[in-house]
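Please open the structure in your viewer and keep the selection tool at hand.

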Amino acid sequence: MLKAQYMRIFKVIWQFLKDIYKNRYTIYQLTKRDYKSKYIGSNLGFAWSIIQPFVMITVLWFVFTKGLKVGPMGGGDVPFVAWLTIGIIAWDLFATTLMGATNVFQEYSYLVKKINFRFSILPIVKLLSSSITHCFLLIIGMVVLLSNGISFSFYWFQGIYYFFASLVLLLGLSWITSSIQVFHKDISQIVTTVLQVGFWATPIFWDFSMVPEKYQFLFKLNPMFYIVEGYRRSFIYHAPFWEARDIGLYFWITTLTILILGIVTFKKLKPNFADVL
């Protein structure tokens, strides 16, 4: 029976991949429209997607380096601004995408009600839309690294692996939160609150070595710990991802479990979407 359940899940995933390919042009058009719609009526347009994380980086850098006199990180040889920038870039993709994807079925309710439209692809639109901004932020991050004495390395391309890992995690979470949000409007507020707590609980602006060793495992339970530290391993420390095998294995077990839960949740709730929306 368990084997049959896994086979059904595999078939759903395979069908989803086929739907992505079949609807690739629709996904492209919706992604382009979604990205543009964020900045309709704004004079600065998409620049706001860069300005907001830039302001956060600047404020945190000023508070911690000028106010609290925090020195270089990573054993004393990594400039705080470079260390902080990469951490925030990794987190911004996660937070922005999840907040947007949670409301995606309500936002595109006119498509959900169409009989022949595969609305399971809608979270992909939010993932791709946020990925555009992420690419711009990565370019800025690379400039910050180079200007602070951190040289280019081929390990920077390893960031693609962690970017992909983020998307898989986000897809599973998005299916869960967006499906439940259709029936319980408080989910978006819960997601916002959890993200606020998650930001401070993830080593983005503070060094993980500050945590007593006996409590470190608690922070490692957070999947975003693997992503944030992975971005730093790639762009700052130039370390291969396979050196973090144990936490990597935990991340993928957790992420694939979340993905399966997302598939099950979406399949169970989607028949009633049109009635509620």
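**The whole chain.** Display the complete protein, which is a predicted model. Its secondary structure consists of 13 helices and zero strands. Of the 277 residues in the protein, 47% are buried.

**Helix α7.** Select residues 122–147, which form helix α7. Its 26 residues should span 38 Å at 1.5 Å a residue, and the end C-alpha atoms are 39 Å apart, which agrees. After α7 comes Gly149, with a positive phi near 85°.

Now select Lys126 within helix α7, together with Asp34 and Glu107. Side chains of opposite charge can pair when their charged atoms come close. Asp34 and Lys126 form a salt bridge, at 2.7 Å from N to O. Because Asp34 belongs to helix α2 (residues 24–37) and Lys126 to helix α7, this pair ties together parts that are 92 residues apart in sequence. The side chains of Glu107 and Lys126 also meet in a salt bridge, here at 2.9 Å. Is Lys126 buried or exposed? Lys126 has a relative accessible area of 9% and is therefore buried, the limit being under 20%. Glu107, at 39%, is partly exposed.

**From α11 to α12.** Select Arg233 and Glu243, whose side chains meet in a salt bridge of 3.2 Å. Arg233 lies in helix α11 and Glu243 in the loop between α11 and α12, so the pair ties together parts that are 10 residues apart in sequence. Arg233 counts as buried at 19% relative accessibility, whereas Glu243 counts as exposed at 53%. In the loop between α11 and α12, select His238 as well. Its C-alpha atom is separated by 7.4 Å from that of Trp156, although the two residues are 82 residues apart along the chain.

**Helix α12.** Continue to residues 245–269, which form helix α12. This helix has 25 residues and reaches 36 Å from its first C-alpha to its last. Its buried residues include Ile247, Phe251, Ile258 and Phe266. Lys267, also in α12, is partly exposed at 43% relative accessibility.

Which residues form a positive surface patch with Lys267? Select Arg8, Lys11 and Lys270 to complete it. Finally, select Phe54, Val55, Val59, Phe62 and Val63, which form a nonpolar patch with about 460 Å² of accessible area together. Phe54 belongs to helix α3 (residues 47–67).

Notes: Residues are numbered from 1 along each chain as its sequence is written. This is a predicted model: local features need pLDDT of at least 70, side-chain atom pairs count only at pLDDT 80 or more; totals for chains, interfaces and linings use all residues. Side-chain values use heavy atoms; hydrogens and water are left out. Patches are made of residues with over 30% relative accessible area and no salt bridge: like charges are joined within 9 Å, nonpolar side chains (Val, Leu, Ile, Met, Phe, Trp, Tyr) within 5 Å. Accessible areas come from the Shrake-Rupley method with a 1.4 Å probe; for residues, only the protein chains shown count as cover. A salt bridge is a side-chain nitrogen of Lys or Arg within 4 Å of a carboxyl oxygen of Asp or Glu. Lys and Arg count as positive and Asp and Glu as negative; His and the chain ends are not counted. The place of a charge is taken as NZ of Lys, CZ of Arg, CG of Asp or CD of Glu. Helices (H or I, at least four residues) and strands (E, at least two) are DSSP runs, numbered from the N terminus. Buried means under 20% relative accessible area, exposed over 50%, partly exposed in between (1.4 Å probe, protein chains only). The expected span of a helix is 1.5 Å times one less than its number of residues.
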